[in-house]
Amino acid sequence: MEARSPADWMYRFLLFPLGQMLAFIAGSAFILTLLAYGIALLFPEPRPNIVLADQIGRQLPGMVISGITTGFVYAMIALGYTMVYGVLKFINFAHSELFMVGSVVGFEVFLVFSAQAMLLTWHPVLLVAIAVLSAGLVSGLLAVTMERVAYRPLRGAPRLVPLISAIGVSFFMVDFVRALMAITRNDFNLTYPLNGVDWARAPIPLLIGTTTVNLRPTQIIIIVGAVLMLLFLNYFVNGTKLGRGIRAVSQDMTTAGLMGINVNRIIALTFFVGGAFGGAAGALFGMNVGTVTPFVGFFPGLKAFIAAVLGGIGSVTGALLGGLTLGMIESFLNGVLVYFPVFGQRYTDIFAFAVLILILIFRPSGILGEKVDEKV
Amino acid sequence: MTAIPSSLSPLAALRRLYRQPLIAGGVLLAYVALALLLLLNLDRRDVWFPQYTMLVFPLIVFAPFLVLESPLPTLAKGLSLALLLGVAVPLIGIYDSTYLELMIQISIFSALALGLNIVVGFAGLLDLGYIAFFAVGAYIWAVFTSVADTIFRTGFEFAPLTIGGNTLIAGFNVAPMAVAGTGLITVGSITLPLHAFYLFIFFGVLLAAVAGILLGLPVLRLRGDYLAIVTLGFGEIIRVLFNNLGEPGNITNGAQGLHGVMQPGSAFLIDPVNGIAGVMGVTLRTPAPVASQMLFYFLAIGIVGLIILLAQRLDNSPIGRAWTAIREDEVAAIAMGVPLVRMKLLAFATGAACAGAVGVLYAAKQTFVSPESFSLLQSINILAMVIVGGMGGIKGALLGASIVTLLNLHVLTNFALQINALRNIDYVIPAGSLFLTLALVTALVLYIIWRSTRSIYDAGQQLRSRLTGSVITLVLAGLLATRIVDFHIADWPSQLTPDKYQRFVFGILLVLMMLFRPEGLLPSARRKLELHREETVHEAEDIPDLDQRKTDDDFAAGR
């Protein structure tokens with residue numbers, strides 16, 4: 001089904017995906033706001049002199065925006081999990097390390113910018129694009145190497161064998177980057193040289209109703225960058241010949257091979273695209289948080305996996321939905337739990353896992369996934 | 001006996017000679033004697049001591065496996081094992097207690113590897129949060145006997161829980177339960193002597209088994225890879241819980257961990273230890289820690305022995321066969337009437353129970369328990385043990401635990417110590433090492449080609465098909481070698497301490513094992529067949545005479 005007219009093209013590759021994203025964001029934000037006010041009804045004053053409903057009202061725009069930001073990062077990582085799973089039925093445990101490598105590459109690129117005094121003279125859009133693209137390129141190539149060295153020889157082995165290999169790759173990558181950092185700069189905390197750079201750090205006040213929300217510029221960069229890349233991915237998978245190859249291989253590898261598709265090349269391509277998205281997400285994430293370490297991939301990677309499962313693993317739209325929903329859930333939990341003496345934010349990570357376990361019990365195929373019976 | 005064919009290589013002839021029990025016994029005796037001699041002659045003040053101990057101590061650790069694999073009669077095997085583990089190791093421990101400490105760690109991790117082997121190897125359920133059960137065992141002993149101000153010592157006042165002005169649960173007080181540091185443990189209104197430690201091992205087993213069932217219940221419907229991630233999540237949840245249960249009611253003392261955990265009494269061992277030390281001509285400045293280590297050593301190998309018995313009995317029982325059926329094909333197992341959920345829960349609970357038992361022991365031995373000791377890294381360590389040794393085999397799990405623990409706590413640590421020692425004397429790596437490195441790598445590449453070659457005509461083709469890999473390896477090795485020559489150890493980056501890079505080592509180890517020997521070093525017969533089915537068939541068709549020779553040999557050995 002190819003696009004017939006420019007209007008059709010616009011709808012399929014621009015308006016529809018944008019509408020989908022908006023719908024996902026609005027939907028999850030609406031449901032979570034209702035839930036938050038429900039909690040406020042149950043516990044009006046969790047601590048003396050703190051009225052929960054007022055606090056929620058004041059923080060709502062901030063929570064939604066930070067939810068969207070985290071959500072897009074999760075969604076971009078989740079895409080890698082879901083695409084690889086779609087093609088190989090295999091969880092690439094090392095995907096979180098591609099994200100980490102992306103954030104480290106982003107740091108190195110910005111270090112070069114800073115050393116060449118380009119940070120303040122070049123246009124921010126150009127700088128961000130260079131950093132994100134190089135992070136994506138390095139991570140994508142790394143993903144292809146991983147597949148070639150550690151996964152391809154194991155294709156067809158029992159399921160646990162490639163998974164254990166992937167765990168090994170993940171562990172190796174963390175310490176490999178750590179060793180590189182130890183040799184080159186004897187330090188593992190990599191701080192992006194963005195402090196004091198106005199376009200990245202000066203807060204942007206945003207007036208919503210009567211309250212002012214201070215946006216971080218990097219949040220806007222993440223949202224815009226992620227939306228652009230997701231639009232591109234949608235076009236790539238659904239509108240190009242290579243994308244059709246990926247879809248064909250994920251439906252039936254053997255038949256796709258018989259139809260003249262080079263299966264190995266398509267699998268490598270899938271790893272490249274997934275890895276590149278993970279790496280780009282890493283660079284965007286690094287710009288936002290400021291400091292990254294070789295261990296930075298673990299939790300975002302795990303949560304992105306949860307997001308992929310939540311949306312329905314194997315489905316690209318599902319990864320987007322899952323990522324945005326999980327980001328929102330986390331942001332709201334952070335915003336509400338802060339006021340409770342017993343729980344508090346320390347347990348946010350646990351809630352993500354609770355979400356995972358609940359989905360796996362009640363709807364193992366995820367929100368958008370199709371139920372697949374195991375073949376005997 | 002058939003006559004030895006003239007075409008037999010010297011290696012095969014030696015192997016045939018080793019099949020004679022008497023010769024094998026003599027070789028083993030000589031081996032152990034040599035290893036002991038080397039070990040006892042090491043000098044701690046020597047600059048190269050870390051390197052020597054790194055190489056020599058593993059000889060002792062692997063001796064029991066050589067005995068197990070030898071053709072000795074069962075009684076002789078048992079006796080030699082008892083002598084090795086019951087006499088030789090304690091003597092080494094009195095001579096230098098670091099070795100005893102290592103043996104305790106190896107025993108503890110052996111128990112963990114055996115427990116995980118039940119879950120992963122027998123039942124085929126990949127559990128990445130296994131360390132959580134170990135943590136449960138460790139904390140059950142630590143919360144009651146630590147000197148930290150937990151609610152068990154200070155008592156606790158529960159504030160009333162109100163929702164919308166209505167009191168749901170009235171507030172109440174809990175009196176102090178444990179009186180730590182006094183030699184007595186008070187639980188509720190019962191006061192127990194310190195020997196309650198042994199009782200707590202059973203509590204640890206029970207609680208960990210219950211935790212295993214609780215964690216198992218919601219996730220057992222999942223397929224292998226999902227199960228792995230969910231168990232990983234559970235492991236993290238338990239760690240985060242222990243990390244955060246320091247407030248509002250201080251149960252686990254949070255991230256600081258519980259210090260001053262009590263140890264079971266070992267005073268009765270001080271005199272014997274001193275006596276033996278006197279006979280050996282060693283003076284112990286502080287005999288009490290050595291005595292307590294001795295107690296823990298024997299407790300640990302006792303627990304390992306029990307778990308080995310348990311695992312063997314289970315493996316050969318209807319339960320074990322049900323596990324095998326589930327592992328090989330879940331759908332077929334259900335069709336054959338295997339109660340899937342019950343069997344999976346049983347595997348989870350049994351595995352967890354093993355970890356619970358050694359968890360209690362670990363807490364008492366370390367006298368300190370903190371959430372950091374139970375991270376994902378530890379879970380993967382234990383998984384690496386099971387995989388290196390060979391999933392599904394008991395000997396394999398033990399060998400894997402020995403290798404990985406030695407790597408982790410002995411080889412990497414001593415490597416770091418060696419670097420520090422050389423840094424202090426400003427050692428410069430001599431040029432000879434360039435040629436040594438190149439020669440070694442070339443030999444390795446040639447060996448790999450030779451291994452996969454059947455005839456000399458094949459070699460050229462092999463070389464061509466592996467040309468890219470070989471060239472890359474050689475170039476990298478050459479580059480490395482040029483960097484190594486004249487390298488001042490003092491310039492070694494201070495952050496690059498090998499003992500902090502376990503992930504690097506175990507990551508490579510896992511990938512290499514999966515690529516080249518997924519069945520492990522000491523594979524169980526069934527697992528080997530499963531992973532190499534096609535190759536075995538292929539080889540058997542390809543080279544019939546080799547196969548023939550193998551059967552002849554087996555015949556000669558009386559199999």
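Which helix gives the largest share of the nonpolar patch? That share, 4 residues, comes from H4(B). The model is predicted, so to speak of local features takes pLDDT of at least 70 and side-chain atom pairs count only at pLDDT 80 or more, while totals for chains, interfaces and linings use all residues. Residues are numbered from 1 along each chain as its sequence is written, chains are lettered from A and ligands numbered from 1 in the order written, and side-chain values use heavy atoms, with hydrogens and water left out.

The patch sits on the surface and brings together Leu40(B), Leu83(B), Val87(B), Leu91(B), Tyr95(B), Ile276(B) and Met280(B), with about 540 Å² of accessible area together (Shrake-Rupley method, 1.4 Å probe, only the protein chains shown counting as cover for residues). Patch residues have over 30% relative accessible area and no salt bridge, and nonpolar side chains are joined within 5 Å; a salt bridge puts a Lys or Arg side-chain nitrogen within 4 Å of an Asp or Glu carboxyl oxygen. H4 (74–95) and H10 (270–280) of chain B each supply at least two of the residues; helices are DSSP runs of at least four residues, strands of at least two. Leu91(B), in H4(B), counts as partly exposed because its relative accessibility is 32% (buried is under 20%, exposed over 50%, partly exposed in between).

Elsewhere in chain B, helix H6 (131–145) is mostly covered, with 15 of its 15 residues buried. H6(B) also has a kink of about 25 degrees centred on Tyr139(B), the bend being the angle between axes fitted to the seven residues ending there and the seven starting there.

Note on methods
Patch = residues over 30% accessible without salt bridge, like charges linked within 9 Å, V, L, I, M, F, W, Y side chains within 5 Å. Buried < 20%, exposed > 50% of the residue type's maximum accessible area, 1.4 Å probe, protein only.
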